[in-house]
Amino acid sequence: MRVEGIENVRRILCVFPRYTSSFGTFEYAYPLTAGVEAFMPPQGLLVIAAYLPEQWPVRFIDENIRAATPEDFEWAEAVLVSGMHIQRQQMNDICRRAHAHDRVVAIGGPSVSACPDYYPSFDYLHLGELGDATNELIARLARDPSRPEQQVVLKTADRLDMTKFPIPAYELAEIPRYFLGSIQYSSGCPYQCEFCDIPGLYGRNPRLKSPQQITAELDKLLECGIMGSVYFVDDNFIGNRKAALDLLPHLIEWQKKTGYVLRFSCEATLNIAKRPEILAGMREAFFCTIFCGIETPDPVALKAMHKDHNMMVPIMEAIHTLNSFGMEVVSGIILGLDTDKPETGQHLLEFIEASQIPLLTINLLQALPGTPLWDRLKRENRLIEDEGRDSNVDFRLPYEDVVTTWRACMGSAYQPAKLFERYEYQIGHAYKNRLQPPRSPQQTSWKNIKLGLAMLRNIFWKVGVLGDYKIEFWKFALRRLARGEIEHLIASILVAHHLIMFARDASGGHTNASYYSLKLQEASVPAE
Ligand code: SF4
(Lines give C-alpha, C1' and ligand atoms only; values in the text may rest on other atoms or scores of the structure.)
Protein backbone atom coordinates (compact mmCIF):
# COMPACT_ATOMS: atom_id res chain seq x y z
CA MET A 1 0.00 0.00 0.00
CA ARG A 2 0.92 3.68 -0.36
CA VAL A 3 0.33 6.54 2.03
CA GLU A 4 -3.07 8.09 1.38
CA GLY A 5 -4.77 11.46 1.70
CA ILE A 6 -2.03 13.65 0.21
CA GLU A 7 -3.19 15.88 -2.61
CA ASN A 8 -0.33 18.07 -3.72
CA VAL A 9 2.85 17.03 -5.53
CA ARG A 10 6.50 16.98 -4.39
CA ARG A 11 9.53 15.86 -6.36
CA ILE A 12 11.58 13.46 -4.24
CA LEU A 13 15.22 12.49 -4.70
CA CYS A 14 16.16 9.25 -2.92
CA VAL A 15 19.94 8.88 -2.58
CA PHE A 16 21.67 5.73 -1.38
CA PRO A 17 25.24 6.43 -0.21
CA ARG A 18 28.40 4.71 -1.37
CA TYR A 19 29.77 1.82 0.59
CA THR A 20 33.25 1.93 1.95
CA SER A 21 35.24 -0.86 0.37
CA SER A 22 34.51 -3.93 2.42
CA PHE A 23 34.86 -7.65 2.45
CA GLY A 24 31.19 -8.22 1.79
CA THR A 25 30.56 -5.87 -1.13
CA PHE A 26 32.63 -7.74 -3.74
CA GLU A 27 33.82 -4.72 -5.68
CA TYR A 28 36.92 -6.54 -6.96
CA ALA A 29 34.54 -8.93 -8.71
CA TYR A 30 32.72 -6.24 -10.68
CA PRO A 31 35.35 -5.77 -13.44
CA LEU A 32 35.06 -9.50 -14.16
CA THR A 33 31.30 -9.27 -14.75
CA ALA A 34 29.34 -7.85 -17.65
CA GLY A 35 28.43 -4.46 -16.19
CA VAL A 36 27.87 -4.95 -12.44
CA GLU A 37 28.65 -1.79 -10.47
CA ALA A 38 27.02 -2.18 -7.08
CA PHE A 39 26.29 -4.81 -4.48
CA MET A 40 22.52 -5.08 -3.75
CA PRO A 41 19.49 -2.84 -4.37
CA PRO A 42 18.75 -1.10 -1.04
CA GLN A 43 15.47 -2.48 0.30
CA GLY A 44 14.63 0.34 2.74
CA LEU A 45 14.89 3.26 0.37
CA LEU A 46 13.10 1.42 -2.44
CA VAL A 47 10.24 0.52 -0.08
CA ILE A 48 9.93 4.16 1.01
CA ALA A 49 9.99 5.23 -2.65
CA ALA A 50 7.10 2.84 -3.35
CA TYR A 51 5.18 4.09 -0.30
CA LEU A 52 5.22 7.78 -1.31
CA PRO A 53 2.01 9.27 -2.75
CA GLU A 54 1.43 7.93 -6.25
CA GLN A 55 1.49 11.38 -7.88
CA TRP A 56 4.93 12.28 -6.43
CA PRO A 57 7.71 11.94 -9.02
CA VAL A 58 10.66 10.03 -7.53
CA ARG A 59 14.27 9.77 -8.67
CA PHE A 60 16.41 7.07 -7.11
CA ILE A 61 20.19 7.32 -7.22
CA ASP A 62 22.58 4.72 -5.88
CA GLU A 63 25.89 6.54 -5.48
CA ASN A 64 27.68 3.22 -5.83
CA ILE A 65 26.66 3.49 -9.50
CA ARG A 66 26.71 7.25 -10.05
CA ALA A 67 26.85 10.31 -7.83
CA ALA A 68 23.83 12.58 -7.51
CA THR A 69 24.49 15.66 -9.64
CA PRO A 70 23.73 19.34 -8.97
CA GLU A 71 20.94 18.94 -11.54
CA ASP A 72 19.39 16.14 -9.44
CA PHE A 73 19.42 18.30 -6.31
CA GLU A 74 18.01 21.27 -8.23
CA TRP A 75 15.22 19.06 -9.64
CA ALA A 76 14.19 17.77 -6.22
CA GLU A 77 12.06 19.48 -3.62
CA ALA A 78 13.17 17.09 -0.90
CA VAL A 79 15.97 14.56 -0.50
CA LEU A 80 15.66 11.22 1.32
CA VAL A 81 18.73 9.27 2.47
CA SER A 82 19.12 5.91 4.18
CA GLY A 83 22.02 3.67 5.11
CA MET A 84 24.08 1.79 7.68
CA HIS A 85 26.78 2.93 10.09
CA ILE A 86 29.47 2.07 7.57
CA GLN A 87 28.01 4.73 5.25
CA ARG A 88 27.83 7.44 7.93
CA GLN A 89 30.33 9.84 6.42
CA GLN A 90 28.85 9.45 2.96
CA MET A 91 25.35 10.18 4.30
CA ASN A 92 26.53 13.33 6.00
CA ASP A 93 28.21 14.31 2.75
CA ILE A 94 24.94 13.89 0.80
CA CYS A 95 23.28 16.13 3.39
CA ARG A 96 25.96 18.78 2.88
CA ARG A 97 25.51 18.69 -0.91
CA ALA A 98 21.71 18.88 -0.66
CA HIS A 99 21.96 21.86 1.69
CA ALA A 100 24.28 23.59 -0.77
CA HIS A 101 21.20 23.62 -3.02
CA ASP A 102 18.98 24.63 -0.09
CA ARG A 103 17.07 21.36 -0.22
CA VAL A 104 15.41 19.80 2.80
CA VAL A 105 16.96 16.42 3.70
CA ALA A 106 15.53 13.54 5.72
CA ILE A 107 17.42 10.47 6.87
CA GLY A 108 16.03 7.09 7.90
CA GLY A 109 17.30 3.53 8.18
CA PRO A 110 19.27 1.45 10.67
CA SER A 111 22.15 3.82 11.39
CA VAL A 112 20.15 6.90 12.33
CA SER A 113 17.62 4.75 14.19
CA ALA A 114 20.39 3.44 16.45
CA CYS A 115 22.49 6.63 16.64
CA PRO A 116 20.52 9.83 15.92
CA ASP A 117 23.42 11.96 17.17
CA TYR A 118 25.59 10.80 14.25
CA TYR A 119 23.46 13.05 11.99
CA PRO A 120 23.30 16.57 13.45
CA SER A 121 22.87 18.42 10.13
CA PHE A 122 19.86 16.62 8.69
CA ASP A 123 16.53 18.47 8.76
CA TYR A 124 14.42 15.42 9.58
CA LEU A 125 15.47 12.26 11.40
CA HIS A 126 13.18 9.29 10.79
CA LEU A 127 13.77 6.75 13.57
CA GLY A 128 12.47 3.21 13.41
CA GLU A 129 10.64 1.34 10.70
CA LEU A 130 7.98 2.30 8.19
CA GLY A 131 4.96 3.56 10.13
CA ASP A 132 3.39 6.64 11.69
CA ALA A 133 6.68 8.58 11.59
CA THR A 134 6.81 8.00 7.81
CA ASN A 135 3.26 9.29 7.40
CA GLU A 136 4.12 12.35 9.47
CA LEU A 137 7.27 13.03 7.45
CA ILE A 138 5.36 12.79 4.17
CA ALA A 139 2.57 15.04 5.50
CA ARG A 140 5.11 17.66 6.60
CA LEU A 141 6.93 17.61 3.26
CA ALA A 142 3.58 17.86 1.48
CA ARG A 143 2.65 20.93 3.54
CA ASP A 144 6.00 22.67 3.35
CA PRO A 145 9.16 21.48 1.60
CA SER A 146 11.38 24.23 3.01
CA ARG A 147 14.01 23.46 5.63
CA PRO A 148 12.70 23.62 9.22
CA GLU A 149 14.51 26.01 11.54
CA GLN A 150 15.54 23.19 13.84
CA GLN A 151 16.08 19.50 13.34
CA VAL A 152 12.81 17.55 13.61
CA VAL A 153 12.94 14.01 15.04
CA LEU A 154 10.11 11.64 14.11
CA LYS A 155 10.02 8.22 15.76
CA THR A 156 7.80 5.37 14.66
CA ALA A 157 5.54 4.20 17.47
CA ASP A 158 3.04 2.39 15.28
CA ARG A 159 4.79 0.26 12.63
CA LEU A 160 3.08 -0.56 9.36
CA ASP A 161 2.16 -4.23 9.24
CA MET A 162 4.64 -5.89 6.88
CA THR A 163 1.75 -7.50 4.99
CA LYS A 164 0.89 -3.94 3.92
CA PHE A 165 4.39 -3.08 2.69
CA PRO A 166 4.42 -2.06 -0.96
CA ILE A 167 6.60 -3.95 -3.42
CA PRO A 168 9.97 -2.12 -3.40
CA ALA A 169 10.24 0.30 -6.33
CA TYR A 170 12.75 -1.94 -8.14
CA GLU A 171 11.76 -0.24 -11.39
CA LEU A 172 13.59 2.91 -10.24
CA ALA A 173 16.88 1.05 -9.74
CA GLU A 174 19.14 -0.30 -12.46
CA ILE A 175 18.66 -3.89 -11.34
CA PRO A 176 21.02 -5.57 -13.88
CA ARG A 177 23.87 -3.46 -12.49
CA TYR A 178 23.68 -5.20 -9.11
CA PHE A 179 25.82 -8.15 -8.07
CA LEU A 180 22.88 -9.70 -6.19
CA GLY A 181 19.16 -9.12 -6.02
CA SER A 182 17.68 -8.49 -2.58
CA ILE A 183 14.36 -9.36 -1.01
CA GLN A 184 12.98 -9.28 2.55
CA TYR A 185 10.45 -11.70 4.05
CA SER A 186 10.85 -11.02 7.77
CA SER A 187 12.33 -8.51 10.18
CA GLY A 188 13.74 -9.21 13.65
CA CYS A 189 15.39 -12.13 15.45
CA PRO A 190 14.42 -14.01 18.63
CA TYR A 191 17.99 -14.34 19.91
CA GLN A 192 20.05 -11.81 21.84
CA CYS A 193 23.68 -12.17 20.88
CA GLU A 194 25.61 -9.68 22.96
CA PHE A 195 27.17 -7.73 20.07
CA CYS A 196 24.11 -7.54 17.79
CA ASP A 197 21.77 -4.56 17.39
CA ILE A 198 19.06 -6.41 15.42
CA PRO A 199 16.80 -7.46 18.35
CA GLY A 200 16.96 -3.91 19.76
CA LEU A 201 16.18 -2.28 16.42
CA TYR A 202 13.66 -4.69 14.92
CA GLY A 203 12.37 -6.75 17.84
CA ARG A 204 12.60 -10.37 18.97
CA ASN A 205 9.30 -11.50 17.52
CA PRO A 206 9.90 -11.53 13.76
CA ARG A 207 7.37 -9.62 11.67
CA LEU A 208 6.45 -11.12 8.34
CA LYS A 209 5.25 -10.44 4.84
CA SER A 210 2.95 -12.95 3.16
CA PRO A 211 4.34 -15.58 0.76
CA GLN A 212 2.23 -13.96 -1.97
CA GLN A 213 4.05 -10.65 -1.44
CA ILE A 214 7.36 -12.44 -1.86
CA THR A 215 6.42 -14.15 -5.12
CA ALA A 216 5.03 -10.83 -6.44
CA GLU A 217 8.35 -9.16 -5.54
CA LEU A 218 10.26 -11.92 -7.30
CA ASP A 219 8.10 -11.43 -10.39
CA LYS A 220 8.95 -7.76 -10.33
CA LEU A 221 12.67 -8.38 -9.84
CA LEU A 222 12.61 -10.65 -12.87
CA GLU A 223 10.73 -8.06 -14.90
CA CYS A 224 13.37 -5.50 -13.92
CA GLY A 225 16.14 -7.73 -15.27
CA ILE A 226 17.59 -9.55 -12.26
CA MET A 227 19.83 -12.47 -13.16
CA GLY A 228 21.74 -14.94 -11.04
CA SER A 229 21.11 -14.79 -7.30
CA VAL A 230 18.65 -13.17 -4.93
CA TYR A 231 19.60 -12.71 -1.28
CA PHE A 232 16.98 -12.84 1.49
CA VAL A 233 18.20 -9.98 3.68
CA ASP A 234 16.09 -11.20 6.65
CA ASP A 235 18.04 -10.94 9.90
CA ASN A 236 17.44 -14.64 10.46
CA PHE A 237 15.55 -16.66 7.82
CA ILE A 238 14.44 -19.12 10.53
CA GLY A 239 13.67 -16.45 13.15
CA ASN A 240 10.15 -17.84 12.80
CA ARG A 241 10.53 -21.45 11.66
CA LYS A 242 6.88 -21.98 10.92
CA ALA A 243 6.90 -18.92 8.66
CA ALA A 244 9.93 -20.28 6.78
CA LEU A 245 8.10 -23.57 6.31
CA ASP A 246 5.01 -21.70 5.07
CA LEU A 247 7.03 -19.73 2.53
CA LEU A 248 9.08 -22.54 1.02
CA PRO A 249 6.28 -24.29 -0.96
CA HIS A 250 5.46 -20.94 -2.60
CA LEU A 251 9.10 -20.41 -3.55
CA ILE A 252 9.31 -23.95 -4.95
CA GLU A 253 6.19 -23.40 -7.02
CA TRP A 254 7.52 -20.06 -8.25
CA GLN A 255 10.82 -21.65 -9.25
CA LYS A 256 9.06 -24.40 -11.16
CA LYS A 257 6.83 -21.87 -12.91
CA THR A 258 9.67 -19.57 -13.93
CA GLY A 259 12.20 -22.31 -14.77
CA TYR A 260 14.63 -21.98 -11.85
CA VAL A 261 16.29 -18.94 -13.36
CA LEU A 262 17.31 -17.61 -9.93
CA ARG A 263 19.27 -19.03 -7.03
CA PHE A 264 18.52 -18.00 -3.49
CA SER A 265 20.71 -17.29 -0.50
CA CYS A 266 19.93 -16.13 3.02
CA GLU A 267 21.19 -15.55 6.55
CA ALA A 268 20.20 -18.01 9.26
CA THR A 269 21.39 -19.31 12.59
CA LEU A 270 23.46 -22.46 12.47
CA ASN A 271 20.83 -24.42 14.41
CA ILE A 272 18.97 -24.63 11.09
CA ALA A 273 20.99 -27.86 10.81
CA LYS A 274 18.51 -29.37 13.28
CA ARG A 275 15.62 -28.81 10.88
CA PRO A 276 16.00 -31.19 7.91
CA GLU A 277 12.43 -30.45 6.77
CA ILE A 278 13.35 -26.77 6.28
CA LEU A 279 16.65 -27.67 4.61
CA ALA A 280 14.90 -30.07 2.22
CA GLY A 281 12.47 -27.30 1.22
CA MET A 282 15.33 -24.87 0.76
CA ARG A 283 17.15 -27.35 -1.47
CA GLU A 284 14.07 -27.72 -3.63
CA ALA A 285 13.60 -23.94 -3.77
CA PHE A 286 17.23 -23.74 -4.96
CA PHE A 287 18.87 -22.07 -1.97
CA CYS A 288 22.56 -22.46 -2.74
CA THR A 289 24.31 -20.34 -0.10
CA ILE A 290 23.60 -19.70 3.54
CA PHE A 291 25.33 -17.12 5.71
CA CYS A 292 25.71 -18.27 9.31
CA GLY A 293 27.18 -16.10 12.02
CA ILE A 294 29.44 -18.81 13.42
CA GLU A 295 31.50 -15.97 15.02
CA THR A 296 34.03 -18.30 16.66
CA PRO A 297 34.68 -22.02 16.92
CA ASP A 298 35.40 -21.57 20.66
CA PRO A 299 32.45 -22.84 22.78
CA VAL A 300 33.51 -20.74 25.79
CA ALA A 301 33.39 -17.61 23.63
CA LEU A 302 29.99 -18.55 22.17
CA LYS A 303 28.57 -18.96 25.64
CA ALA A 304 30.04 -15.63 26.76
CA MET A 305 28.42 -13.77 23.85
CA HIS A 306 25.06 -15.54 24.44
CA LYS A 307 25.23 -17.41 21.19
CA ASP A 308 24.80 -20.86 22.71
CA HIS A 309 22.29 -21.68 19.96
CA ASN A 310 25.31 -22.16 17.66
CA MET A 311 26.19 -25.23 19.72
CA MET A 312 22.85 -27.03 19.49
CA VAL A 313 24.56 -29.20 16.88
CA PRO A 314 28.38 -29.56 16.91
CA ILE A 315 29.58 -26.82 14.56
CA MET A 316 31.42 -29.07 12.12
CA GLU A 317 28.49 -31.47 11.96
CA ALA A 318 26.11 -28.57 11.26
CA ILE A 319 28.29 -27.34 8.38
CA HIS A 320 28.42 -30.83 6.85
CA THR A 321 24.63 -31.11 7.16
CA LEU A 322 24.12 -27.84 5.27
CA ASN A 323 26.62 -29.00 2.64
CA SER A 324 24.66 -32.25 2.29
CA PHE A 325 21.62 -30.19 1.22
CA GLY A 326 23.69 -28.51 -1.47
CA MET A 327 24.34 -25.28 0.39
CA GLU A 328 27.71 -23.60 0.69
CA VAL A 329 28.15 -22.05 4.14
CA VAL A 330 29.45 -18.50 4.42
CA SER A 331 30.59 -17.65 7.92
CA GLY A 332 30.89 -14.49 9.97
CA ILE A 333 33.90 -14.55 12.33
CA ILE A 334 34.81 -12.10 15.09
CA LEU A 335 38.27 -11.52 16.52
CA GLY A 336 38.99 -9.43 19.61
CA LEU A 337 36.57 -11.22 21.94
CA ASP A 338 37.25 -11.13 25.68
CA THR A 339 37.82 -14.87 25.57
CA ASP A 340 40.48 -14.65 22.82
CA LYS A 341 43.95 -15.97 23.62
CA PRO A 342 47.27 -15.47 21.82
CA GLU A 343 46.58 -18.76 19.99
CA THR A 344 43.06 -17.76 18.78
CA GLY A 345 44.31 -16.83 15.30
CA GLN A 346 45.91 -20.24 14.85
CA HIS A 347 42.73 -21.97 16.04
CA LEU A 348 40.73 -19.95 13.52
CA LEU A 349 42.99 -21.03 10.66
CA GLU A 350 42.64 -24.65 11.77
CA PHE A 351 38.86 -24.23 11.82
CA ILE A 352 38.89 -22.78 8.30
CA GLU A 353 40.87 -25.74 7.05
CA ALA A 354 38.67 -28.28 8.82
CA SER A 355 35.37 -26.69 7.73
CA GLN A 356 36.51 -25.99 4.15
CA ILE A 357 34.35 -22.86 4.14
CA PRO A 358 35.66 -20.66 1.32
CA LEU A 359 34.21 -17.32 2.39
CA LEU A 360 34.47 -16.08 5.96
CA THR A 361 33.95 -12.44 6.81
CA ILE A 362 36.55 -11.95 9.54
CA ASN A 363 35.97 -8.75 11.51
CA LEU A 364 37.27 -7.20 14.68
CA LEU A 365 34.74 -6.87 17.46
CA GLN A 366 33.00 -3.49 17.44
CA ALA A 367 30.54 -2.32 20.10
CA LEU A 368 27.44 -0.91 18.43
CA PRO A 369 25.28 1.54 20.39
CA GLY A 370 22.11 -0.02 21.70
CA THR A 371 23.62 -3.49 22.17
CA PRO A 372 24.20 -5.36 25.45
CA LEU A 373 27.91 -5.35 24.54
CA TRP A 374 27.95 -1.56 24.41
CA ASP A 375 26.25 -1.34 27.79
CA ARG A 376 28.66 -3.80 29.38
CA LEU A 377 31.79 -2.17 27.96
CA LYS A 378 30.53 1.24 29.00
CA ARG A 379 30.08 -0.05 32.55
CA GLU A 380 33.58 -1.49 32.43
CA ASN A 381 34.94 1.77 30.99
CA ARG A 382 36.23 -0.10 27.93
CA LEU A 383 34.78 1.94 25.06
CA ILE A 384 37.36 3.94 23.14
CA GLU A 385 36.23 6.77 20.85
CA ASP A 386 39.17 7.13 18.49
CA GLU A 387 38.59 7.27 14.75
CA GLY A 388 42.18 6.27 14.12
CA ARG A 389 41.49 2.86 15.66
CA ASP A 390 40.01 -0.20 13.97
CA SER A 391 37.62 -0.88 16.84
CA ASN A 392 36.03 1.04 19.69
CA VAL A 393 36.62 -1.88 22.07
CA ASP A 394 39.42 -1.91 24.61
CA PHE A 395 40.40 -5.55 24.04
CA ARG A 396 41.69 -7.81 26.79
CA LEU A 397 44.71 -8.59 24.58
CA PRO A 398 46.96 -5.72 23.41
CA TYR A 399 45.30 -3.84 20.52
CA GLU A 400 48.29 -4.22 18.20
CA ASP A 401 48.36 -7.98 18.80
CA VAL A 402 44.67 -8.33 17.88
CA VAL A 403 45.07 -6.31 14.67
CA THR A 404 48.20 -8.24 13.76
CA THR A 405 46.33 -11.53 14.29
CA TRP A 406 43.52 -10.28 12.04
CA ARG A 407 45.97 -9.32 9.29
CA ALA A 408 47.79 -12.64 9.59
CA CYS A 409 44.54 -14.61 9.40
CA MET A 410 43.38 -12.66 6.34
CA GLY A 411 46.75 -13.11 4.66
CA SER A 412 46.82 -16.84 5.31
CA ALA A 413 43.17 -17.81 4.78
CA TYR A 414 42.97 -16.18 1.36
CA GLN A 415 46.17 -17.39 -0.21
CA PRO A 416 44.98 -18.40 -3.69
CA ALA A 417 46.03 -22.06 -3.42
CA LYS A 418 44.25 -22.53 -0.08
CA LEU A 419 41.12 -20.75 -1.25
CA PHE A 420 40.86 -22.76 -4.47
CA GLU A 421 41.32 -25.95 -2.44
CA ARG A 422 38.28 -24.97 -0.38
CA TYR A 423 36.24 -24.25 -3.53
CA GLU A 424 37.32 -27.60 -4.94
CA TYR A 425 35.95 -29.20 -1.76
CA GLN A 426 32.64 -27.31 -2.07
CA ILE A 427 32.19 -28.47 -5.66
CA GLY A 428 32.74 -32.08 -4.62
CA HIS A 429 30.87 -32.06 -1.30
CA ALA A 430 28.18 -29.36 -1.46
CA TYR A 431 27.41 -28.23 -5.03
CA LYS A 432 27.02 -31.84 -6.18
CA ASN A 433 24.11 -32.22 -3.73
CA ARG A 434 22.16 -29.34 -5.26
CA LEU A 435 18.99 -29.74 -7.21
CA GLN A 436 19.79 -30.09 -10.92
CA PRO A 437 16.87 -28.25 -12.54
CA PRO A 438 16.47 -28.55 -16.32
CA ARG A 439 17.82 -25.60 -18.25
CA SER A 440 15.19 -22.93 -18.82
CA PRO A 441 14.78 -21.07 -22.15
CA GLN A 442 16.10 -17.96 -20.40
CA GLN A 443 19.32 -19.74 -19.42
CA THR A 444 19.90 -21.05 -22.94
CA SER A 445 18.98 -17.72 -24.56
CA TRP A 446 21.56 -15.97 -26.70
CA LYS A 447 21.50 -13.02 -24.27
CA ASN A 448 22.50 -15.26 -21.37
CA ILE A 449 25.16 -17.08 -23.38
CA LYS A 450 26.65 -13.72 -24.45
CA LEU A 451 26.73 -12.64 -20.82
CA GLY A 452 28.54 -15.84 -19.79
CA LEU A 453 31.04 -15.46 -22.63
CA ALA A 454 31.74 -11.85 -21.65
CA MET A 455 32.44 -12.93 -18.07
CA LEU A 456 34.68 -15.80 -19.20
CA ARG A 457 36.62 -13.42 -21.44
CA ASN A 458 37.11 -11.01 -18.53
CA ILE A 459 38.13 -13.79 -16.17
CA PHE A 460 40.62 -15.39 -18.57
CA TRP A 461 42.14 -12.05 -19.54
CA LYS A 462 42.18 -10.21 -16.23
CA VAL A 463 42.97 -13.16 -13.95
CA GLY A 464 44.38 -15.84 -16.26
CA VAL A 465 46.65 -13.56 -18.32
CA LEU A 466 47.19 -10.34 -16.39
CA GLY A 467 46.67 -11.70 -12.86
CA ASP A 468 49.53 -12.60 -10.53
CA TYR A 469 48.15 -15.90 -9.24
CA LYS A 470 47.92 -17.49 -12.70
CA ILE A 471 49.27 -20.92 -11.76
CA GLU A 472 46.70 -21.51 -9.02
CA PHE A 473 43.95 -20.04 -11.22
CA TRP A 474 44.68 -22.28 -14.21
CA LYS A 475 44.96 -25.41 -12.07
CA PHE A 476 41.44 -24.72 -10.79
CA ALA A 477 40.04 -23.42 -14.09
CA LEU A 478 41.32 -26.27 -16.25
CA ARG A 479 39.68 -28.84 -13.98
CA ARG A 480 36.37 -26.97 -14.32
CA LEU A 481 36.70 -26.72 -18.09
CA ALA A 482 37.58 -30.41 -18.39
CA ARG A 483 34.42 -31.32 -16.45
CA GLY A 484 32.18 -28.78 -18.20
CA GLU A 485 31.60 -26.91 -14.92
CA ILE A 486 31.44 -23.47 -16.48
CA GLU A 487 28.91 -22.07 -14.02
CA HIS A 488 30.98 -23.21 -11.03
CA LEU A 489 34.04 -21.68 -12.67
CA ILE A 490 32.44 -18.27 -13.14
CA ALA A 491 30.71 -18.16 -9.74
CA SER A 492 33.79 -19.30 -7.79
CA ILE A 493 36.26 -17.02 -9.55
CA LEU A 494 34.10 -13.90 -9.15
CA VAL A 495 34.06 -14.36 -5.38
CA ALA A 496 37.58 -15.81 -5.04
CA HIS A 497 39.15 -12.92 -6.95
CA HIS A 498 37.51 -10.41 -4.64
CA LEU A 499 38.60 -12.34 -1.55
CA ILE A 500 42.20 -12.66 -2.72
CA MET A 501 42.52 -8.99 -3.65
CA PHE A 502 40.69 -7.68 -0.58
CA ALA A 503 42.70 -9.92 1.76
CA ARG A 504 45.90 -8.52 0.26
CA ASP A 505 44.71 -5.01 1.09
CA ALA A 506 43.80 -6.19 4.57
CA SER A 507 47.02 -7.97 5.38
CA GLY A 508 48.93 -4.98 3.98
CA GLY A 509 47.06 -2.68 6.38
CA HIS A 510 45.20 -0.81 3.62
CA THR A 511 41.71 -1.51 4.85
CA ASN A 512 39.67 -1.58 8.05
CA ALA A 513 39.72 -4.56 10.37
CA SER A 514 36.14 -3.93 11.39
CA TYR A 515 33.22 -3.69 9.02
CA TYR A 516 31.89 -0.89 11.23
CA SER A 517 35.12 1.02 11.70
CA LEU A 518 35.17 4.65 10.62
CA LYS A 519 38.88 4.57 9.88
CA LEU A 520 39.95 5.28 6.28
CA GLN A 521 36.42 5.87 5.12
CA GLU A 522 36.81 9.35 3.70
CA ALA A 523 38.48 8.05 0.58
CA SER A 524 35.25 6.48 -0.56
CA VAL A 525 33.12 9.64 -0.56
CA PRO A 526 32.42 10.31 -4.21
CA ALA A 527 33.68 13.41 -5.91
CA GLU A 528 30.97 15.85 -6.87
S1 SF4 B 1 21.23 -14.73 15.78
FE2 SF4 B 1 22.10 -13.22 14.35
S3 SF4 B 1 20.51 -11.65 14.03
FE4 SF4 B 1 19.94 -12.87 15.83
S5 SF4 B 1 20.72 -11.71 17.56
FE6 SF4 B 1 22.29 -13.22 17.03
S7 SF4 B 1 23.66 -12.17 15.57
FE8 SF4 B 1 21.78 -10.96 15.73
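Predicted model: local features only at pLDDT ≥ 70, side-chain atom pairs only at ≥ 80, totals over all residues.
## Phe460 and Trp474

The rings of Phe460 and Trp474 form a stacked aromatic pair, with 5.4 Å from centre to centre and 15° between the planes. Phe460 belongs to helix H16 and Trp474 to helix H17, and the pair links distant parts of the chain that are 14 residues apart.

## Other aromatic pairs

The count of aromatic pairs comes to 18. One of these pairs is formed by Phe420 and Tyr469, whose ring centres are 6.2 Å apart and whose planes make an angle of 35°, a tilted arrangement. Phe420 lies in helix H15, while Tyr469 lies in the loop between helix H16 (446–465) and helix H17 (470–482), so the pair ties together parts that are 49 residues apart in sequence. Phe420 is buried, with a relative accessible area of 5%. Tyr469 is also buried, at 2%.

An aromatic cluster is made up of Phe26, Tyr30, Phe39 and Phe179.

## Helix H15 against H17

The axes of H15 and H17 are 9 Å apart and meet at an angle of about 15°. This angle is under 35 degrees, so the two helices count as roughly parallel to each other. Their crossing is left-handed.

On the H15 side, the contact is made by Pro416, Ala417, Phe420, Tyr423, Glu424 and Ile427. H17 contributes Glu472, Phe473, Phe476, Arg479 and Arg480. By class, this contact has seven nonpolar and four charged residues, with no polar ones.

## Helix H15 against H18

Helix H15 (residues 416–429) also packs with helix H18 (residues 486–507): their axes come within 11 Å and cross at roughly 150°. An angle over 145 degrees counts as roughly antiparallel, and H15 and H18 are therefore placed in that class. H15 passes H18 in a right-handed crossing.

The residues of H15 that make this contact are Pro416, Leu419, Phe420, Tyr423 and Ile427. Those of H18 are His488, Ser492, Ile493, Val495, Ala496, Leu499 and Ile500. The contact of H15 with H18 has 10 nonpolar residues and two polar ones, and no charged residues.

Pro416, Phe420, Tyr423 and Ile427 of H15 are named in the contact with H17 and again in the contact with H18.

Pro358 is found in the loop between helix H12 (344–355) and strand E14 (360–364). With a relative accessible area of 0%, Pro358 is buried.

Leaving aside neighbours within four places in sequence, Pro358 is in contact with Glu328, Val329, Tyr414, Leu419, Arg422, Tyr423, Gln426 and Leu499. Among them, Leu419 and Tyr423 of H15 and Leu499 of H18 are also named in the contact between those two helices. The C-alpha atoms of Pro358 and Ala413 are 8.7 Å apart in space, while the two residues are 55 residues apart in sequence.

## Positive phi values in loops

Asp102 has a phi near 60°, a positive value in a residue other than glycine. This residue is in the loop between helix H3 (88–100) and strand E4 (104–108). Asp102 counts as exposed, at 55% relative accessibility.

Tyr260 also has a positive phi, near 50°, and is again a residue other than glycine. Tyr260 lies in the loop between helix H8 (241–258) and strand E11 (262–267). In contrast to Asp102, which is exposed, Tyr260 is buried, with a relative accessible area of 8%.

## Gly24

Gly24 is placed in the loop between strand E1 (12–16) and helix H1 (43–51). With a relative accessible area of 24%, Gly24 is partly exposed. Gly24 and Gly5 are 19 residues apart along the chain, and their C-alpha atoms are separated by 41 Å.

Key:
Residues numbered from 1 in each chain as written. Heavy atoms only, no water. Axes fitted to C-alpha atoms, helices over the stretch in contact; angles between N-to-C directions. Helix = DSSP H or I, 4+ residues; strand = E, 2+ residues; numbered from the N terminus. Parallel < 35°, antiparallel > 145°, perpendicular 65-115°, else oblique. Left-handed = near helix turned anticlockwise from the far one by under 90°. Contact = heavy atoms within 4.5 Å. Nonpolar A, V, L, I, M, F, W, Y, C, P; charged D, E, K, R; others polar. Phe/Tyr/Trp six-rings, centres within 6.5 Å; stacked < 30°, edge-to-face > 60°. Buried < 20%, exposed > 50% of the residue type's maximum accessible area, 1.4 Å probe, protein only.
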